[in-house]
Amino acid sequence: MTYKENFSDKKKFHITTFGCQMNEHDSEIMAGMLIEKGYVQTDNREEADIVIFNTCSVRENADKRFFGTLGQLKHKKMQQKEAFTVCVCGCMMQQQHVVDTIKEKYPWVDVIFGTHNIHELPKLLDNLHTEQIKQIDVWEDGREIVEDLPAKRLFRHKSFVNIMYGCNNFCSYCIVPYTRGRERSRKPEDIVKEVRMLAADGVKEITLLGQNVNSYRGRSDAGETDFADLIYMLADIEGIDRIRFMTSHPKDLSDKLIDAFRNCDKLCKYIHLPVQAGSDAVLKDMNRKYTADDYRTLVKKIRAAVPEIAISTDIIVGFPGETEEDFEETLKLVRETEYDSAFTFLYSIRKGTPAARREDQVPEEVKHHRFNRLVEAVNESSAKKNHAYIGRIERVLVDGTSRSKEGTYEGRTDSFKLVNFTGEAGLEGKIVPVKITGANTFSLTGETADSLKL
Ligand code: SAH
Ligand code: SF4
Ligand code: F3S
């Protein structure tokens with residue numbers, strides 16, 4: 001047995017993920033690489049030999065939660081020393097001031113790396129073991145896209161698939177272009193190869209990931225492939241029943257993609273279409289490059305083409321300079337659009353972004369008051385949309401047994417509604433007909449039906 005094998009034999013690792021689907025998928029890839037190295041994954045941080053924190057710079061309080069949880073590990077590290085390895089990675093590490101804070105206040109952290117080089121994790125760990133030195137390796141931007149990394153999926157029957165990395169949009173509040181670098185699309189043939197492998201491994205549903213999938217441009221010998229072309233290519237793969245994607249920037253959503261919703265049965269009838277604000281002045285300051293009316297027109301066009309489509313959004317409250325009138329424009333747009341659901345965010349300063357430098361920041365109490373009013377409007381619309389499902393029979397992909405209610409399953413409709421339902425044993429991972437019998441703000445309830453009478 002070599003030195004390396006000996007060292008890595010049955011080491012246990014634990015990963016905590018703080019961010020979005022892309023962050024979650026990076027964690028799946030890190031887990032895949034470590035399992036390939038002979039390590040085993042554990043749910044219990046206490047018993048782990050290696051702990052990895054995959055951080056986020058956007059989510060509310062994700063930074064505070066990260067530092068809080070990291071601090072709790074100091075005691076274990078002081079006791080176990082080299083036998084215990086602490087790694088931190090993800091979007092926060094792409095911000096120099098965060099790396100500086102860790103070096104200064106948490107000097108016992110062993111490995112620091114960023115979003116562009118997660119594939120280097122095994123090497124960073126090996127170097128640590130042989131040389132006993134701290135490994136800091138944060139790349140400023142993505143170099144070549146690294147293909148063929150293994151991933152340990154959260155679910156057997158569904159998977160995330162990155163189709164592009166980075167973002168070129170520079171919305172004035174957002175840190176992502178700085179933490180994830182410039183837009184880079186994967187080659188269509190690499191994506192097709194990955195999805196074929198996933199299908200062969202039992203995956204039925206794929207979610208294509210990118211900060212702005214509408215600007216996907218895959219280049220290969222055959223020419224250029226845009227996002228709608230890619231969907232058609234993936235829909236041809238046998239075994240894949242459902243295709244979803246995240247996220248769409250309204251400014252780039254093409255008619256060709258709307259046609260794909262109509263033409264392609266496998267493309268789920270659900271779209272996440274972040275609006276961010278309903279006031280033209282705020283949208284301009286946010287650098288979103290559309291007006292509220294452009295957005296309304298787009299939603300009308302989508303609904304005219306695909307009447308049953310579910311639409312969700314992201315909204316930021318309290319962007320610098322937002323007046324009461326601006327906020328009311330947002331409320332008006334939310335009420336008109338009747339979203340199926342919305343992620344609502346309190347604007348928070350992200351160091352290094354243009355909006356952070358503005359002096360007209362909205363006072364916290366004003367932000368909170370507006371936030372509560374917005375959530376009320378969103379919830380009202382979600383409840384109404386969900387209620388309309390009662391009596392319908394929906395195809396539900398079963399994720400597993402319900403966490404909230406014993407003896408029930410949970411799964412998702414084509415339109416991404418969460419359903420808790422009762423049914424016979426062994427349904428996990430299958431697509432089954434479910435009769436919807438009840439609805440509340442965030443989910444539906446139901447029971448398995450004999451057949452699909454849609
Ligand atoms: N690329 C995606 C979303 C990336 S971040 C898109 O463009 O839609 C996810 C969401 O976080 C954003 O849509 C925005 O609503 C929110 N967000 C980003 N930066 C924020 C900030 N500084 N304060 C509050 N919310 C923010
Ligand atoms: Fe951030 Fe805007 Fe890019 Fe989305 S499109 S990641 S909000 S800069
Ligand atoms: Fe995602 Fe957070 Fe990074 S939302 S892209 S993990 S900053």
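**Figure 1. Tyr409 stands opposite Phe421 in S19.** This is a predicted model, in which local features need pLDDT of at least 70 and side-chain atom pairs count only at pLDDT 80 or more, while totals for chains, interfaces and linings use all residues. Residues are numbered from 1 along each chain as its sequence is written, chains are lettered from A and ligands numbered from 1 in the order in which they are written, and side-chain values use heavy atoms, with hydrogens and water left out. Helices (H or I, at least four residues) and strands (E, at least two) are DSSP runs, numbered from the N terminus. Two strands pair if DSSP finds at least two bridges between them. S18 and strand S19 (residues 418-422) are antiparallel, with 4 bridges. Their hairpin has 4 residues between the strands, and Phe416 adopts a positive phi near 70° there.

**Figure 2. Strand S17 (residues 393-401) pairs with S18 in the antiparallel sense.** The pairing runs over 5 bridges. Val398 has Gly411 as its bridge partner in S18. Strand S18 (residues 409-413) is mostly covered, with 4 of its 5 residues buried. Buried means under 20% relative accessible area, exposed over 50%, and partly exposed in between (1.4 Å probe, protein chains only).

**Figure 3. Glu406 sits in the loop between S17 and S18.** Glu406 is exposed, at a relative accessible area of 82%. Glu376 is 30 residues away along the chain, and the two C-alpha atoms are separated by 29 Å.

**Figure 4. Six strands form an open sheet with parallel pairing: 6 strands in the order S2-S1-S3-S4-S5-S6.** Strand S2 (40-41) and strand S6 (135-137) are the edges, each pairing on one side only. Strand S5 (residues 111-113) joins S6 in the parallel sense over 3 bridges. Here Ile112 has Ile136 of S6 as its bridge partner.

**Figure 5. The largest nonpolar core has 67 residues.** A nonpolar core is a set of buried Ala, Val, Leu, Ile, Met, Phe, Trp, Tyr and Cys residues joined through side-chain atoms within 4.5 Å. Those with the most contacts inside this core are Ile163, Ile206, Leu208, Phe227, Leu234, Phe245 and Leu273. Helix H12 (residues 292-305) gives the most to this core, 6 residues. At least three residues come from each of domain 2 (153-268) and domain 3 (269-384). A second, separate core of 21 residues includes Ala48, Ala62, Val88 and Val99.

**Figure 6. Leu208 and its contacts.** Contact means heavy atoms within 4.5 Å. Not counting residues up to four places away in sequence, Leu208 touches Val161, Ile163, Val213, Phe227, Ile231, Leu234, Ile243, Arg244, Phe245 and Met246.

**Figure 7. The shells around ligand 2 and ligand 3.** A residue is near a molecule if one of its heavy atoms lies within 4 Å of it. Around ligand 2 are Cys167, Asn169, Phe170, Cys171, Tyr173, Cys174, Val176, Pro177, Gln211, His249 and Arg288. This shell divides into 7 nonpolar, 3 polar and 1 charged. Ala, Val, Leu, Ile, Met, Phe, Trp, Tyr, Cys and Pro count as nonpolar, Asp, Glu, Lys and Arg as charged, and the others, Gly among them, as polar. Gly19, Cys20, Asn23, Cys56, Ser57, Val58, Cys91, Arg180 and Gln211 surround ligand 3. The ligand 3 shell has 4 nonpolar, 4 polar and 1 charged.

**Figure 8. The protein is divided into domain 1 (3-137), domain 2 (153-268), domain 3 (269-384) and domain 4 (393-451).** Domain bounds come from an automatic or database domain assignment. The C-alpha centres of domain 1 and domain 4 are 36 Å apart.
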